[in-house]
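This report is a guide for a reader who meets the structure here and would like to follow one part of the chain before turning to the whole. Please keep the sequence and the 3D view at hand while reading.

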Amino acid sequence: MNNKCLGCGALLQNNNENEIGYVVDLNMNYCQRCFKMIHYDQHKENDFLPDNNLIIEQLNQLDGNFVWIIDIFDFDSSLNSVLVDFYRKHSCNIILNKCDLLPTKINYEKLGKYVLSRIKKLNIKSKAIITRGINTDFIDSFNAYINVEDKPIIMTGLANVGKSTIINHLLKDKVVTVNRYPATTINFNEIKTEQYHIIDTIGIVAENTMQMYLTNKQLKTVVPIKQVRPIVFQLMQNQTLSIGGLARIDILNNEKANVVIYTSNLLKIKRSKLENADKLWLKNYGKELTPTLKGCESFLEMKKHSFTNKGKVEYFISGLGFITINCEKADIDIYTAPQIYVNVRKAMI
Ligand SMILES: Nc1nc2c(ncn2[C@@H]2O[C@H](COP(=O)(O)OP(=O)(O)OP(=O)(O)O)[C@@H](O)[C@H]2O)c(=O)[nH]1
Ligand SMILES: [Mg+2]
């Protein structure tokens, strides 16, 4: 008899159907919640909210080979999380996951150097940086760099970055539960095979990412699952771009600007004249401009982030994607819900 669910690590119980870990029969391997996710893609919203402090406390008690899994498409969210503090104190290996979302012509060596320079600035050392994407020898690299110590491999990272997916990839089997919604893995979940001794962990929740403020249905639109096709604009004068009802990017006082947007291709992107933008957003927020985030009820509640853009600069919006703007000089205003993390960075790709 297992006392833990093989899929999510929850302690199994047969007392309360509405509580985590419920099974009809305690001899079952997977809890009802995992069963519904695996077989029917059903996920009850917000049925489990991880406690970041508790996760870090549990991680601190483990002795093992720490692996930090980062969703490359949502890179800055990982660098803006409590894991930064944790990895200042613990050595780790980094896996850059979801590289298949980036353009196929990506130069992985350059990407690795970019990541290295960003983590160095945060005083984090990584023994190796392994990429997982199209045409990468992921398992070979994993076995060469990570599966070498006589200690458990501890898979850590933000919720939804793909920790459990990577474990299944290594095991070449669907052992642990994977789901498109954040907070799938409920408990630390130890897996031992002949080749691997791995601990799957609960994802850290980033409070300032869009994923936390979207319904399951909206998540399907906003979180990309396949390669993102960059959307390119050439803007000649004061113009604005709307990404659904999630973000508005104003480009002001420019001669000419090349703008490339990397977000889910299921989102509607609209270009319009800046002079009409406020009126349009006030009128159409939540109507034509959708999806919008829970808790941000009108355009007036959005926060404006202002930047001066010189040359090629990238704007990261947590949970949404990133926008590269290349121009001699322009003023940039980005509006999004107030809690969302917006960062300006050197272009990643
Ligand atoms: N495109 C793409 N999607 C991925 C990749 N890895 C994982 N995913 C998807 O990302 C979503 C989350 O994957 P999980 O493996 O459940 O993520 P997790 O980090 O274990 O999440 P939690 O348990 O909630 O912390 C699922 O929809 C996966 O199919 C990848 O390399 N590429
Ligand atoms: Mg998981």
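Ala-277 has its place in helix α9 (residues 274-284), where helices (H or I, at least four residues) and strands (E, at least two) are DSSP runs, numbered from the N terminus. The model is a predicted one, in which local features need pLDDT of at least 70 and side-chain atom pairs count only at pLDDT 80 or more, while totals for chains, interfaces and linings use all residues. Residues are numbered from 1 along each chain as its sequence is written, and chains are lettered from A and ligands numbered from 1 in the order in which they are written.

Is Ala-277 buried or exposed? Ala-277 is buried because 20 other C-beta atoms lie within 10 Å; a residue counts as buried at 20 or more other C-beta atoms within 10 Å of its own, as exposed at 12 or fewer, and as partly exposed in between, with C-beta atoms placed from the backbone. Leaving aside neighbours within four places in sequence, Ala-277 is in contact with Thr-240, Arg-248, Asp-250 and Ser-272, a contact being two residues whose C-beta atoms, placed from the backbone, lie within 7 Å.

On the β11 side, Leu-241 stands opposite Arg-271. β8 and β9 form a hairpin with 3 residues between them, and Gly-244 in the turn has a positive phi of about 50 degrees.

Ile-261, which lies in strand β10 (residues 257-263), is buried, with 24 other C-beta atoms within 10 Å. Not counting residues up to four places away in sequence, Ile-261 touches Pro-230, Ile-231, Ile-243, Ile-269 and Ile-323.

| Pair | Apart in sequence | C-alpha to C-alpha |
|---|---|---|
| Ala-277 and Asp-250 | 27 residues | 8.8 Å |
| Ile-261 and Ile-243 | 18 residues | 9.2 Å |

Turning to the ligand, 22 residues surround ligand 1, and the closest are Gly-162, Ser-164, Thr-165, Thr-185 and Gly-203; a residue is near a molecule if its C-beta atom, placed from the backbone, lies within 6 Å of it. Helix α7 (residues 163-171) gives the most to this shell, with 3 residues.

The protein chain has 9 helices and 14 strands and is divided into domain 1 (1-42), domain 2 (47-206) and domain 3 (231-345), with bounds that come from an automatic or database domain assignment. The C-alpha centres of domain 2 and domain 3 lie 30 Å apart, and 6 residues of domain 2 are in contact with 7 residues of domain 3. Buried residues make up 43% of the 349 residues in the chain, and the C-alpha trace spans about 65 × 45 × 35 Å along its principal axes.

Note on methods:
Pairing = 2+ DSSP bridges.
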